[in-house]
Amino acid sequence: EIIVFTLTGQVKIKIAKGTQNGKIIRLKEKGMPVYERLDAYGDLYIQLHVQIPDKLTEKQNELFEQLKTTL
């Protein structure tokens with residue numbers, strides 16, 4: 001789960017397992033106000049960016065090697 005800050009407040013989003021880098025999620029009616037329409041909002045689009053660690057411990061490297069052999 002992540003928390004996203006919108007114009008109308010915070011929204012908690014559940015990220016599914018296996019979500020790929022660059023995936024775009026749409027939050028209905030959480031974007032900018034619609035011109036000349038009261039209480040109407042556009043959609044907010046969020047693009048996910050996965051951060052991959054560049055420094056791993058020896059144990060973490062071993063675990064990734066084990067994972068690689070199972071694929």
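1. Exposed here means over 50% relative accessible area, and buried means under 20%. By that cut-off Lys68 is exposed, because its relative accessible area is 53%. The model is a predicted one.

2. Lys68 pairs with Glu65 in a salt bridge, at 3.3 Å from N to O. Both residues sit in helix H1 (residues 58-70), three residues apart, so about one helical turn separates them. Glu65 is partly exposed, at 45% relative accessibility.

3. The salt bridges number three. A second one joins Glu1 and Lys12, whose closest N and O atoms are 3.8 Å apart. This pair links distant parts of the chain: Glu1 belongs to the segment before strand S1 (2-6) and Lys12 to strand S2, 11 residues apart. Glu1 is exposed at 63% relative accessible area. Lys12 is exposed too, at 56%.

4. Asp43 and Arg26 form another salt bridge, with an N to O distance of 3.4 Å. Asp43 lies in the loop between S3 and strand S4 (44-47), and Arg26 in strand S3, so the pair ties together parts 17 residues apart in sequence. Asp43 is partly exposed, with 31% relative accessible area. Arg26 is also partly exposed, at 42%.

5. The largest nonpolar core has seven residues: Val4, Val11, Ile13, Ile25, Leu27, Ile46 and Leu48. Strands S2 (9-13) and S3 (24-27) each supply at least two residues of this core. In soluble globular proteins, nonpolar side chains tend to be buried together.

6. Neighbours within four places in sequence aside, Leu27 contacts Thr6, Ile13, Asp43, Leu44 and Ile46. Of these partners, Asp43 also takes part in the salt bridge with Arg26.

Note on methods:
Residues numbered from 1 in each chain as written. Predicted model: local features only at pLDDT ≥ 70, side-chain atom pairs only at ≥ 80, totals over all residues. Heavy atoms only, no water. Core = buried A, V, L, I, M, F, W, Y, C linked by side-chain atoms within 4.5 Å. Buried < 20%, exposed > 50% of the residue type's maximum accessible area, 1.4 Å probe, protein only. Helix = DSSP H or I, 4+ residues; strand = E, 2+ residues; numbered from the N terminus. Contact = heavy atoms within 4.5 Å. Salt bridge = Lys/Arg side-chain N within 4 Å of Asp/Glu carboxyl O.
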